Amino acid sequence: MIITAGKYKGRKITAPDENITRPTLSKVRMSVFNTLQSMIDFEGKSFLDMYAGSGIMGLEAISREFESVVAIEKNPKAAAVIKNNFKKFDNAPELFVGDSLKICSKFDREFDVIYIDPPYFSEIYEKSLEAIKNIASDIIILEHVDDVDFCGYKLIKQKKYSDKFVTFLSTI
């Protein structure tokens, strides 16, 4: 996998085994960050990737000048790959290993952008949105295939890529 833009554009990272994660495609990553850039200035902003997989979304955020980036990953094998990937960057995201729903409930800070892309068909989108109620300050992005109840968040934009949707929400 290759970082698509920013100061680390072109840098390669390792993806975990495809049986463990489903990395976000480069065209989807580019679109997510291009859409975000039309909404907010990244400088001084924070980014949370709740289900980090390979860590690529956090690295894309750092590459594009987000000030602070946090990644959460539950799977120990995927987390080991992420740690290895993050070692290659001076200002790497902070990694938490464990259950995103539990970890998010313990944060005492807000995040400007929260990216939610759990395993498809895991039925935890609504639980994820509930878990971030107190830490989401601006934009929430969901990557999903199923319909999701946006649980009181405001729909900003939705794009379809093949069988998946990328949905941008805001806090109300």
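Here are some notes on the nonpolar cores and the salt bridges of this structure.

1. Before you start: this is a predicted model, where local features need pLDDT of at least 70, side-chain atom pairs count only at pLDDT 80 or more, and totals for chains, interfaces and linings use all residues. Residues are numbered from 1 along each chain as its sequence is written, and side-chain values use heavy atoms, with hydrogens and water left out.

2. Let's begin with the largest nonpolar core, which has 29 residues. A nonpolar core here is a set of buried Ala, Val, Leu, Ile, Met, Phe, Trp, Tyr and Cys residues joined through side-chain atoms within 4.5 Å. Buried means under 20% relative accessible area, exposed means over 50%, and partly exposed is in between (1.4 Å probe, protein chains only). The members that touch the most others are Val 32, Phe 33, Leu 36, Phe 47, Phe 66, Val 113 and Ile 141.

3. Which parts of the chain build this core? At least two residues each come from helix 1 (26-39), helix 2 (56-63), strand 2 (68-73), helix 3 (76-86), strand 4 (111-116), strand 5 (136-144) and strand 7 (164-170). Helix 2 gives the most, with 5 residues. Helices (H or I, at least four residues) and strands (E, at least two) are DSSP runs, numbered from the N terminus.

4. Have a look at Phe 47. Skipping its neighbours within four places in sequence, its contacts (heavy atoms within 4.5 Å) include Phe 33, Leu 36, Met 57, Ala 61, Phe 66 and Val 113. There is also a second, separate core of 26 residues, with Ile 72, Ile 114, Ala 131 and Ala 136 among them.

5. Now the charges: the structure holds 4 salt bridges, each being a side-chain nitrogen of Lys or Arg within 4 Å of a carboxyl oxygen of Asp or Glu. Arg 29 pairs with Glu 60, their closest N and O atoms 2.8 Å apart. Because Arg 29 lies in helix 1 and Glu 60 in helix 2, this pair ties together parts 31 residues apart in sequence. Glu 60 also bridges to Arg 64, at 2.3 Å between the closest N and O atoms, so Arg 29, Glu 60 and Arg 64 are linked in a network of salt bridges. Arg 29 and Glu 60 are both buried, and so is Arg 64.

6. Buried or exposed: what about Lys 74? Lys 74 is exposed, with a relative accessible area of 56%, while its salt-bridge partner Asp 99 is partly exposed at 23%. Their closest N and O atoms are 3.8 Å apart.
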